[in-house]
Amino acid sequence: MRRLPFTREKLEEIAAKWPTPFHIYDEKAIRENAKRLKKAFSWNKGFREYFAVKAAPNPQLMTILKDYDFGSDCSSMAELVLAEKTGNTGEAIMFTSNDTPAEEFAKAWELGAIINLDDITHWDFMLEAVRPAIAASADPEGALASRVMCCRYNPGPLKGGNAIIGKPEEAKYGFTREQLFECYARMKEAGVRRFGLHTMVASNELDPEYIIDTARMLFSLAAEIHEKLGIDFEFVNIGGGIGIPYKPGQKAMDFDYVSEGIERAYKELVSGAGMKPLRLYMECGRCITGPYGYLVARVRHIKNTYRLYAGLDACMSNLMRPALYGAYHEIVVPGKEDSTETSVYDVTGSLCENNDKFAIQRMLPVLERGDLVVICDAGAHGHAMGFQYNGKLRSAELLLQTNGEVREIRRAETLDDYFATLKW
Ligand SMILES: *Cc1c(COP(=O)(O)O)cnc(C)c1O
């Protein structure tokens, strides 16, 4: 059974002030985890994690991560603005987007972000989008030379995939190998002098060897491109995708183990090959905040038909992963952790969609109306995936601070928010 950072009494206290459902994040655990990651990779000078903003786009959480020098991995206008407003600008932003609109390239350029292209045609498209900014700058000639340009590699059949992100050759992202060589050559020709190389091939991956292999693949490729085109890379970015143990019995990724494996690869393929030092970047979201966020709800109804249902006051608009991917999330009933009386439930929300279930045929302590229920591992791709279908409103986000006090970091939506965009 999962240990929670709060007791039932504490939760009831919180719920008296912020009615369920709400998301709550554990600041202390987020900080300890961030520290652990940073320490694990300290062998690499310039190592940086760019937090994937889409996983938990809340400025208060981003600000906590900034204490550990985490940058922001952004993929949309809103995420760029969030990074800007939390004080991450310049090369503290990695702009990794796809099917990108011109105005987002322009915004990323204006902020001085590292721009990571998703396709070879985006190079000309981006140049067009930033032309006015370059023309208006103090040094139009040198503008390209001072910027870091990066390309996203899709290894296709050279690398196996996994369930969430799919097989690389079926994924819409990134360049083929041949396109990479061509694009870096064209960028060099145009006056770009600073380069990075990126890939993102996994999602929710729990096998450390997969992550280590990804780094090996990029180190070798950087060496090959360097050899062929004479360009030096400043960094390789191995993407996000480190998984978390959603299911009982799964094991969290050991950052030290992954780091040691990558360091060995680095010594062999980078230092050993006489390459200039490379900074290692990653852009994880899930493993940074995922295990440290909880969706707290209350049992609204118990229904006994062909199955036993526990209907919550939360629904898939608060946490879509179970409905979207059949994902497993542990459910804890505070105060009943040690209960020996159990029943098997489908734990549902109130959407008019039968897949609106947080758990299917799950053994839980016997539930009653009013019981608090905690859905674990909701701290990444949880609230962020919220939506308003069926007139459901997005919940509040709370922070359990290091000092034990609770602070609201996003208020719950109201009906006025829901109606605000309508023309009557
Ligand atoms: C979603 C995404 C991430 C973060 O993925 P996690 O599984 O949360 O670590 C990083 N980079 C890109 C490009 C993404 O699309």
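Analyst: Two strands pair if DSSP finds at least two bridges between them. Strands (E, at least two residues) and helices (H or I, at least four) are DSSP runs, numbered from the N terminus. The model is predicted, so that local features need pLDDT of at least 70 and side-chain atom pairs 80 or more, while totals for chains, interfaces and linings use all residues. Residues are numbered from 1 along each chain as its sequence is written, and side-chain values use heavy atoms, without hydrogens and water.

User: In which sense do S11 and S13 pair?

Analyst: Strand S11 (residues 308–312) and strand S13 (residues 342–348) are parallel, with three bridges. Alanine 310 has valine 347 in S13 as its bridge partner. S13 also runs antiparallel to strand S14 (residues 357–365), joined by six bridges; there, arginine 362 in S14 is the bridge partner of tyrosine 345.

User: How is the protein chain divided into domains?

Analyst: Domain bounds come from an automatic or database domain assignment. Domain 1 covers 8–23 + 291–419, and domain 2 covers 27–289.

User: How many residues of each domain are in contact?

Analyst: Contact means heavy atoms within 4.5 Å. In this model, 22 residues of domain 1 touch 27 residues of domain 2.

User: How many salt bridges does the rule find across the interface?

Analyst: A salt bridge requires a side-chain nitrogen of Lys or Arg within 4 Å of a carboxyl oxygen of Asp or Glu. Between domain 1 and domain 2, the rule finds zero.
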